[in-house]
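Trainee: I have a new model open. Can you walk me through the ligand and the pockets?
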Amino acid sequence: MKAGLYFVDGGVACAEGAIYAGCRFFAGYPITPATSIVEQMALRLPQVKGYFVQMEDELASMAAIIGASWSGGKTMTATSGPGFSLMQENLGYAYLTETPVVVVDAQRSGPSTGQATMPGQQDVMQARYGTHGDIAPIAFSPWSVQEMFDFTIHAFNYAEKFRTPTLVMADGEICYMREPLTIPKPGAFPVLNRKRFTKSHPRPEEIFLRYEMPRFGDGHNLLVTGSAHRPNGVRDYTPTFHRATIEWIFKKSQQAGQALYEEKLDLEVSYLDSAESIVVSFGAAARPAYHAVQTAQKNGVNVGFVRLKTLWPFPEAHLRALLKDIQRIFVVEMNMGMMVHEVARIACQADVISIPKVAGEVHDAKEILKAVMEADAA
Amino acid sequence: MNKSENNLGKPQEYYRERYLRNLPTAFCAGCGNGTILNCFVRAVDDLIKDKQLQHQNILSVSGIGCSAWIPSPHFKGDTLHTTHGRAIAFATGAKIMNPKLQVTVFTGDGDGAAIGGNHLIHAARRNIPMTVILVNNLNYGMTGGQSAPTTPLHVQTSTYPKHPETPFDLSQLMLGAGASYVARWTTYYVNEIVATLKEAMIHPGFSFIEIISQCPTYAAQFLTEFQTGLTPEEQEQFRRQPGAWMLKALKGKKTGVTNGHPRYQITLQEKPIDLGVFKQEKRPTLIDYLQELWNNKGDA
Ligand SMILES: Cc1ncc(C[n+]2csc(CCOP(=O)(O)OP(=O)(O)O)c2C)c(N)n1
Ligand code: SF4
Ligand SMILES: [Mg+2]
């Protein structure tokens, strides 16, 4: 869609963000709440000489976007919990082979088919630990239709910059919801393109442990493998080689964390001055949470608000500094309490109170407010 | 014959220098995988010489298993060594994003027909242009001789004392799934494999070549027909060189000609297995369709 103001659902915004970022290959398998992303990509990609392919399942979708990325394309898939589970093995392949791809998980209430297709935030730990082996993911958490657009572009930018898969951990609520969306003019929103791999770079025979991304068909005789490998791609199980690969994956995530902090993409805060307690939330859950904080403030309760924009790498240092003198931390999320463990880990002296919500519902701001007020009165 | 010569084209050094790397391979002595690699490089060399293929456009994709190690890390060209069963799905993305690539998938009977069977049938149905070489060694070689979907009935594997399932006829499966080029050979028919590969690799659509291959380490006893009535001396030879002896069972009798290629028949457990080129047809590919969509310009 051209630059301008629209009124669309989060799925359409996500797809438009992908097109804006230069995505030219999408492989997917239908699943709600990701359906509107998939259908919008199917509509839009041919218009920009891109490829939309409906695959036979999510294992294939994940595989196809990795293959297409090595052929030089910016690539994406979108799914929901059941499909995200199926993607885990090949997602691990993308981490190990340092392949830029974007995966959108429009989370729904699980486990299993659960309450298809009601929203949830129960996959946030799967994003962190879902594939076997050590990985260090980058996962965004949009809370509005506009952020579905913006964060999808950021996800592409981080994938390209750090040569890694990135995740947009959306949820059903944000995908279904309609809100105003501003699409900027081409060039107005920064879009990073892939660092090309050429023989003139130093270490031309090494295709891994570097940011430049080679591509098939350029005569490099690439050896791309999900086995442990030397930097030149030759399979090699010597501990020093594999250790270097894993450490490099973690180093990139650390650098990404720093970049996210500098770009103010890690978290945002409000009402923090002299707050004694804080509500931490993200994604759809952050909407009622923010509303509750606003109401509490109106009632003279000094409670602050932190919204995580990135779940992984967990904005640990930044959050730790913010939480230094805080007495109580409420963590609002649409699961039985997942990110709350990350918060508790760095919470210093504070009491950490989980405000979970499952069964396909978004919190009511009133129940969050009640919990905050009660704790405040106690 | 000169030491370095062979009856299949140029001296071995020629192929080794141009097309191979990281030798020796890790295959067991007598394994059919080396033969298949040899056939592949000869087909590639001929196609390059005939200007029907450019070396830099060759992409070999493989899954997990001994057969997946045929191109990776040995073929000097782009290779993508993926996860178990998923090679065809990876290849689908790579091919669509860059249709100039000539994509060959190396897969096993477990990789391609068990865990990856779904991708195999759908790639065939979509007619996505790529060549799938399915190395049917009648078992799971890499993990130690377990039952595969192709394992002959009642043989002993490391998971079943008496394998209970009827084997899958993969070429028939591919015909049913709509593959536009389907051939089957055994590793005995090296010239035929080369000739067929040359056709398949430039075939405008999905091509499937099943190669029944010998796994002397785990599946020698499966090809039972030729073992009966062996003299003690022959039995000793068989014990020492099971791969060579398995090849005897993989040699059939000529039954005719189809699609310009000879037909043969081998017998496995008294059942005839046809070899030859079963189908060769042209029909639109998925990539044709996807690119046609570019012309229906909507509101961009
Ligand atoms: C998801 C997954 N499951 C199981 C394995 C273990 N595994 C490795 S190779 C293999 C079987 C390969 O058999 P086949 O495809 O016939 O190849 P061959 O070794 O016989 O050539 C298995 C089960 C794996 N690597 N990944
Ligand atoms: S186990 Fe079988 S298939 Fe694998 S290398 Fe050895 S002989 Fe070949
Ligand atoms: Mg096998």
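Mentor: First a term: helices (H or I, at least four residues) and strands (E, at least two) are DSSP runs, numbered from the N terminus. The model is predicted, so local features need pLDDT of at least 70 and side-chain atom pairs pLDDT 80 or more, while totals for chains, interfaces and linings use all residues. Residues are numbered from 1 along each chain, chains are lettered from A and ligands numbered from 1 as written, and side-chain values use heavy atoms, without hydrogens and water.

Trainee: Where does ligand 1 lie?

Mentor: Ligand 1 lies between chains A and B. It is surrounded by 17 residues (a heavy atom within 4 Å), and Cys66(B) and Asp109(B) are among the closest.

Trainee: Which helix gives the largest share of that shell?

Mentor: Helix H4 (residues 109–115) of chain B, with four residues.

Trainee: What is 2.8 Å from an oxygen atom of ligand 1?

Mentor: A polar backbone atom of Cys66(B). For Met142(B), a polar backbone atom is 2.9 Å from a ligand 1 oxygen. Both are polar contacts (N or O pairs within 3.5 Å).

Trainee: Switching topic, which element gives the most to the lining of the largest pocket?

Mentor: H8(A), with seven residues.

Technical notes. Polar contact = N/O pair within 3.5 Å; in protein donor to acceptor, adjacent residues only side chain to side chain.
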